[in-house]
Amino acid sequence: MNNLGTLKTSSSELDLDRPNIEDYLPSGSTIQQEPHGKLLLHDLLDISPTLSEAAGAIVDDSFTRCFKSNPPEPWNWNVYLFPLWCFGVVIRYLILFPIRVLGLTLGWIIFLSSFIPVHFLLKGHDKLRRSIERSLVEMMCSFFVASWTGVVKYHGPRPSRRPKQVFVANHTSMIDFIILEQMTAFAVIMQKHPGWVGLLQGTILESLGCIWFNRTEAKDREIVAKKLRDHVQGADNNPLLIFPEGTCVNNHYTVMFKKGAFELGCTVCPVAIKYNKIFVDAFWNSRKQSFTMHLLQLMTSWAVVCDVWYLEPQNLKPGETPIEFAERVRDIISVRAGLKKVPWDGYLKYSRPSPKHRERKQQNFAESVLRRLEEK
């Protein structure tokens with residue numbers, strides 16, 4: 001009898017410890033059950049927004065983590081180190097920064113005084129003109145890297161011009177393009193930007209065969225896809241460089257690769273880029289900072305340090321879909337650069353599903369769960 005009493009006491013204590021599901025529902029909603037204990041559809045619909053909000057909070061936290069700049073821990077926190085930090089600020093802003101500005105200005109003067117005559121005077125000699133323009137763009141990118149005191153270590157064979165090949169790389173900032181361009185004059189596919197960057201895209205970089213798109217224009221996808229197919233077929237075209245993530249990620253993660261580069265029927269050459277944050281974080285958050293301010297941040301730092309790996313070319317395997325091919329290449333880049341893969345589409349950074357779309361998904365989910373319960 002004592003044992004039975006103990007069991008009843010334990011059972012009642014367990015009942016007290018059980019959470020009351022009604023406490024977690026939106027106000028005014030209740031759970032009703034049929035006499036045989038079956039859940040009704042509206043019961044599931046009542047609770048699904050709550051579950052969706054909870055899951056959404058987890059997803060948002062995991063997703064936004066890919067696009068946050070993580071500042072280093074402050075080290076100038078005591079009386080001994082603070083004077084040293086102040087001395088470093090004076091060196092970076094009053095000595096290094098003016099020298100870098102002068103060097104970059106000199107680079108622009110040399111570049112423009114050479115590029116403009118070549119571009120207009122050699123119109124009838126396309127092969128010679130493209131060769132000189134490629135060399136000038138590589139030189140200008142070297143001036144940019146020097147303006148950050150860039151310490152870049154390249155691993156693997158230097159890319160060469162060959163038909164039916166495309167280079168793909170993880171994307172942290174627009175300086176990825178500059179760092180790769182100083183070694184090889186790539187034709188890049190990139191989002192169209194406003195301001196002085198857009199001016200450069202429409203004039204100087206256009207001569208390299210670069211392809212621009214606007215992610216807000218649905219028709220651009222078909223146009224860009226055709227341009228990509230045409231470009232990779234040309235033997236004399238500059239190597240094509242694509243950032244398949246479609247947006248800048250903070251160099252700790254890689255988001256889903258778009259399949260466009262992997263359904264062209266050509267060889268894919270992975271390129272892994274990893275920045276060392278010892279002196280500056282090279283991640284560009286375009287929603288919070290203009291590219292001009294991003295460059296100023298780099299030019300007032302001590303140095304930009306990074307490694308670039310040109311990895312083994314990959315081809316589509318028999319029976320492999322373009323999506324699986326893209327994931328396999330993303331694995332190769334992530335492992336080499338020490339980046340964590342996450343299953344998110346980078347375009348969600350710019351557009352989220354509408355509330356009606358989410359409600360429709362919730363209702364479909366609830367109906368599928370109800371059908372399974374009835375089948376049991």
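This is a predicted model: local features need pLDDT of at least 70, side-chain atom pairs count only at pLDDT 80 or more; totals for chains, interfaces and linings use all residues.

Me: Which residues does UniProt list as "transmembrane region"?

Reply: The unreviewed UniProt entry lists 77-95, 102-122 and 134-154 under that name. Residues 102-122 are 95% helix and 0% strand, and their end C-alpha atoms are 30 Å apart.

Me: Now the cavities. How many of 30 Å³ or more does a search of the whole structure find?

Reply: A cavity is a space where a 1.4 Å probe fits but cannot get out. The search turns up 2 of them at 30 Å³ or more. The largest cavity holds about 280 Å³. It is lined by 17 residues, and F144, F177, I178, L200 and L205 are the closest to its centre.

Me: Which helices each supply at least two residues of that lining?

Reply: Helix 3 (82-121), helix 4 (126-147), helix 5 (175-181) and helix 6 (195-202) do.

Me: And how does the lining of the largest cavity divide by class?

Reply: You get 16 nonpolar residues, 1 polar and no charged.

Me: What about the second largest cavity: what is its volume, and which residues line it?

Reply: Its volume is about 40 Å³. The lining includes R162, P163, K164 and Q165, along with H231, V232, G234, N237, N238, P239 and L240. By class, that lining has 4 nonpolar, 5 polar and 2 charged residues.

Notes:
Residues are numbered from 1 along each chain as its sequence is written. Side-chain values use heavy atoms; hydrogens and water are left out. UniProt positions are given in the numbering used here, feature names are shortened, and annotations may be inferred rather than shown by experiment. Helices (H or I, at least four residues) and strands (E, at least two) are DSSP runs, numbered from the N terminus. On a 1 Å grid over the protein atoms alone, a cavity is a set of points where a 1.4 Å probe fits but cannot get out, and a pocket is an open set with protein on both sides within 12 Å along at least five of seven lines; lining residues have an atom within 4 Å of a point. Grid points are joined across faces, edges and corners, and a volume is the space filled by probe spheres set on the points. Ala, Val, Leu, Ile, Met, Phe, Trp, Tyr, Cys and Pro count as nonpolar, Asp, Glu, Lys and Arg as charged, and the others, Gly among them, as polar.
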